[in-house]
Amino acid sequence: MAIKDWHEDDRPREKLLKLGADQLSDAEILAIFLRTGTKDYSAIEMARVLIETFGSIAELLSAPKETVLACHGIGIAKYAQMQASLEMGKRYLDSELKLGTPLNRSQMVKDYIATQLRRESREVFAVLCLDNALKLINFEILFTGGLSSCSVCIKQILRHSLSHAANRLIVAHNHPRVSAEPSEADDLLTSRLKTACDLIDLTLIDHIIVGRNQVLSYAEQGRAPF
């Protein structure tokens with residue numbers, strides 16, 4: 001049965017307008033961007049298959065173009081619509097921060113960092129410089145490594161933060177191919193960086209790790225040294 005033949009309350013667009021976007025499942029949200037299905041699948045059924053195939057919306061949107069286009073029913077137009085939805089979310093967060101919205105909510109911090117790092121195929125380490133009001137001064141990827149590791153220099157992080165007159169700091173890195181679970185090396189780096197920041201009255205607020213299907217916050221989980 002085509003979506004147009006469903007009861008109005010079950011159609012994704014109508015459901016969004018009536019109940020709000022947060023009431024839609026991942027498949028329903030994706031179906032709105034796909035717009036149409038195939039002769040065998042509705043847009044929602046296609047969306048469900050895509051999410052199950054790739055494991056999550058995040059992995060679908062960050063997958064190589066050729067891999068996505070190889071899926072049944074996905075052409076250039078649908079691929080472009082999905083990529084536009086990803087870029088729209090990224091630009092929305094960017095514009096909020098440029099207007100001075102403070103990064104004072106854990107979920108907002110994780111969402112922003114995930115949009116910046118999710119598509120990196122190699123491990124990278126980024127620094128967010130903030131003022132006392134938690135407004136973003138600068139975001140920059142300082143170090144780039146390989147598929148599973150990245151060398152980080154604490155002195156360079158401190159120099160970068162001082163050059164931007166930062167009062168507070170959030171650091172982040174990605175695990176391109178594995179979960180966001182911190183390694184012993186991640187824990188050791190975080191502890192040493194926190195000690196170094198304390199010596200110059202710079203507050204390290206959090207360390208965020210972006211994994212394949214998860215974004216982890218040291219501070220949110222109460223992990224040492226927070």
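Modeller: Terms before residues: buried means under 20% relative accessible area, exposed over 50%, and partly exposed in between, with a 1.4 Å probe and protein chains only. This is a predicted model, in which local features need pLDDT of at least 70 and side-chain atom pairs count only at pLDDT 80 or more, while totals for chains, interfaces and linings use all residues. Residues are numbered from 1 along each chain as its sequence is written, and side-chain values use heavy atoms, with hydrogens and water left out.

Biologist: Is C129 buried or exposed?

Modeller: C129 counts as buried because its relative accessibility is 0%.

Biologist: How many disulfides are there?

Modeller: The whole structure has 0 disulfides, a disulfide being a pair of cysteine sulfur atoms within 2.5 Å. For C129, the nearest cysteine sulfur belongs to C197 and is 10 Å away.

Biologist: And C71, buried or exposed?

Modeller: C71 has 18% relative accessibility, so it counts as buried.

Biologist: Pockets next. How much space lies in the largest pocket?

Modeller: About 1000 Å³. On a 1 Å grid over the protein atoms alone, a pocket is an open set of points where a 1.4 Å probe fits, with protein on both sides within 12 Å along at least five of seven lines; lining residues have an atom within 4 Å of a point. Points are joined across faces, edges and corners, and the volume is the space filled by probe spheres set on them.

Biologist: Which residues lie nearest its centre?

Modeller: I57, L61, L86, G89 and T115, out of 31 lining residues. The largest share of that lining, 10 residues, comes from α6; helices here are DSSP runs of H or I, at least four residues, numbered from the N terminus.

Biologist: How does the lining of the largest pocket divide?

Modeller: Into 14 nonpolar, 8 polar and 9 charged residues. Ala, Val, Leu, Ile, Met, Phe, Trp, Tyr, Cys and Pro count as nonpolar, Asp, Glu, Lys and Arg as charged, and the others, Gly among them, as polar.

Biologist: What about the second largest pocket?

Modeller: That one holds about 430 Å³. It has 20 lining residues, with E59, S62, A63, R118 and P176 closest to its centre.

Biologist: Different topic. Where does Q116 lie, and what is it in contact with?

Modeller: Q116 lies in helix α7. Beyond its neighbours within four places in sequence, Q116 is in contact (heavy atoms within 4.5 Å) with K90, D94 and F139.

Definitions and conventions
Helix = DSSP H or I, 4+ residues; strand = E, 2+ residues; numbered from the N terminus.
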